[in-house]
Amino acid sequence: MVQIHEQIFRDAHQSILATRMRTEDMLPICERIDKIGFFSFEVWGGATFDVPIRYLNEDPWVRLNKLKEAMPNTPLQMLERAMNIVAYWNFPDEIVRKFIGFAKKNGCDYFRIFDALNDLRNMKVPIEAVLETGGHAQGCLSYTISPVHTVEHYIEQFKELERMGCNTLCIKDMAGMISPTSAYDIIKGCKDAGIKTPINLHSHCTSGMTGMAYMWACDAGVDILDTAMSPISGGTGQPPTESIVAALQGTEYDTGYDLKELIEIRRYFIKVWDKYRHLHRINALKVDPEVTVHQIPGGMLSNLIFQLEEQGAGDKYFQILDETARVREEMGYPPLVTPTSQVVGVQAVMNVLHGRYKMIPNETKDYCRGMYGKPPAPIKPEIMEKVLGPNWKDEVITCRPADLLEPMWEKRKEELEAKEKELDKKLINKEEDIMTYAIYPQVGLKFLSGEAKPEFTSDELPLPITHPFTHSMIKAQFPELSKEDISNFGKPVAPTQVAPVVPTEYNIEVNGEPFEVKLEPVGGFITIEGKVGEGLQGAITPGSGQACKPPADTEGGVKSSMQGTIIKVNVNKGDDVDENSIIVIIEAMKMENEIKAPHCGKVEDIFIKDGDIVKPGDVIMIIK
Ligand code: CO
């Protein structure tokens with residue numbers, strides 16, 4: 001018998017509905033789902049913590065609680081990014097342990113724990129914490145293809161996860177590229193090597209061969225498969241639950257689930273899918289066999305294309321694909337998943353645009369120092385020298401990255417209590433609120449103080465054709481339509497209401513989070529659609545404009561070499577600077593980069609400040 005781990009409330013809507021499904025659209029069907037007998041149901045973790053507080057004005061802890069109440073018989077699971085928990089940076093052990101305790105208390109039974117680099121040191125504390133709370137720990141390895149990621153390598157790492165006490169094991173094929181033979185070889189290899197712990201295969205439909213891979217996984221003895229109810233499945237999402245259940249019926253792998261009941265549940269989710277029509281994107285539902293050649297996950301690829309266009313280098317696409325493979329090899333073959341996908345992808349773009357390792361974002365430096373964990377293979381010494389300088393050996397850490405972190409719970413608690421006094425507003429209604437703040441200080445505070453606004457509520461769905469979110473969907477489908485045409489749909493627009501002509505693409509930062517944005521003029525106001533990290537999209541209102549800049553040929557003018565957001569200006573007017581001293585930190589493509597003084601001299605004028613957006617060639621200051 002094979003069992004199913006259902007994904008419709010986590011990965012599936014994260015992959016194809018921008019993680020936007022609201023709790024009120026989940027609850028009505030839970031009682032029926034609870035009767036199916038799923039092995040487990042992933043409802044939390046990944047982007048489902050960040051998105052609710054950022055865009056839905058929903059408390060993720062409350063959602064978890066309500067779902068558990070509605071499904072008392074189904075084990076609920078969260079995706080836990082090892083020391084990153086539900087964010088993109090490392091937290092101290094104390095926070096990781098507390099978070100897992102709170103999640104368990106609020107209804108999470110199973111924890112799928114993975115690390116981008118498969119560095120088991122990063123997975124140790126969360127696994128221990130889950131086992132201590134009496135939860136189910138699933139040890140998960142990111143799937144990738146490289147000379148070091150052999151079948152034997154996976155078997156050895158799974159053996160170690162079994163020794164660490166994991167209750168189940170999982171292969172996480174986030175790019176949806178695992179072939180039938182790879183799935184078979186790894187799973188069969190584990191079984192033959194005496195691994196007794198049940199094995200789960202997680203994949204996406206991207207390559208088009210996932211159904212075959214699932215069949216071969218069954219033949220190899222897989223115990224659990226990840227699927228999602230059909231209305232929110234396929235493409236960059238999971239294979240459809242009902243189809244897999246039907247395919248295995250009458251075989252030795254039969255799930256035993258009630259297919260008729262699943263079809264009833266499907267009818268409910270068709271209505272949900274239709275309600276969220278403004279988020280439908282046909283490309284997310286298509287097959288992309290190219291992933292089997294370049295191995296770049298769908299999310300990372302669309303990000304790369306966007307970043308290239310933003311840097312005015314859309315024609316360099318194929319060069320970037322080759323360079324990404326080369327950088328990944330030089331950096332020790334990290335699996336391409338958040339956050340390592342970003343480090344490798346952006347370094348590749350920098351290399352093609354500015355020469356190999358001429359521009360090095362801080363994230364690349366941190367990666368080479370070992371701050372993300374140990375790369376699967378050693379980084380090439382010549383690259384270490386280029387990135388960290390001749391004394392690179394002194395900069396590399398050998399300990400587990402989180403060993404360098406101080407506890408922060410008490411500090412965050414005191415900060416939030418001080419904020420309560422300052423704002424004269426109750427922010428802490430439960431201990432979990434302190435955790436929300438500890439994980440996402442800026443966005444969390446905004447949410448806790450009641451300032452977060454939902455993009456839409458379930459009652460407002462489906463959004464009308466006049467809504468700006470619907471415009472984004474129409475534009476994606478009909479690129480030939482002008483913005484004016486689209487905003488005129490369904491309403492007569494008087495000439496005075498026509499939106500002003502403004503640049504349409506920006507890279508900005510919101511609450512410390514990098515944001516790629518597209519502006520869409522609508523009537524008399526402007527809305528912005530953007531993307532952060534993995535599968536997050538949102539709408540925000542724009543900040544102030546940018547300062548005027550002098551012409552490019554200004555004498556002594558220092559130009560930005562890239563499109564990006566100014567994070568820090570290191571010099572003041574009147575300062576004397578040396579050649580090559582770091583004058584500005586610019587955030588481009590979600591990475592921090594340094595701009596150095598091209599010559600020595602006195603800073604005569606500065607045309608930028610923190611938060612400004614600059615284009616390649618913009619004069620940012622004058623040094624004479
Ligand atoms: Co996934």
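**Helix packing and the metal site**

Mentor: Helix H15 (residues 340–354) packs with helix H16 (residues 362–369) at an angle of about 120 degrees, and their axes are 9 Å apart. Axes are lines fitted to C-alpha atoms over the stretch in contact, and angles run from 0 to 180 degrees between N-to-C directions. Helices are DSSP runs (H or I, at least four residues), and strands are too (E, at least two), numbered from the N terminus.

Mentor: One caution. This is a predicted model: local features need pLDDT of at least 70, side-chain atom pairs count only at pLDDT 80 or more, and totals for chains, interfaces and linings use all residues. Residues are numbered from 1 along each chain as its sequence is written, and side-chain values use heavy atoms, without hydrogens and water.

Trainee: Which residues of H15 and H16 make the contact?

Mentor: Thr-340, Val-343 and Gln-347 from H15, and Glu-363, Thr-364 and Tyr-367 from H16. Contact means heavy atoms within 4.5 Å.

Trainee: New topic. What are the protein donors of the cobalt ion?

Mentor: Asp-11 (OD), His-202 (NE2) and His-204 (NE2), lying 2.0 to 2.2 Å from the cobalt ion. Donors are N, O and S atoms within 2.8 Å of the metal (3.2 Å for Na, K and Ca); water is not among the atoms, so sites may look incomplete.

Trainee: Where do Asp-11 and His-202 lie?

Mentor: Asp-11 is in helix H1 (residues 11–16) and His-202 in strand S7 (residues 199–202), so the pair ties together parts 191 residues apart in sequence.

Trainee: Is Asp-11 buried or exposed?

Mentor: Buried, at 4% relative accessibility. His-202 is buried as well, at 0%. Buried means under 20% relative accessible area, exposed over 50%, partly exposed in between (1.4 Å probe, protein chains only).
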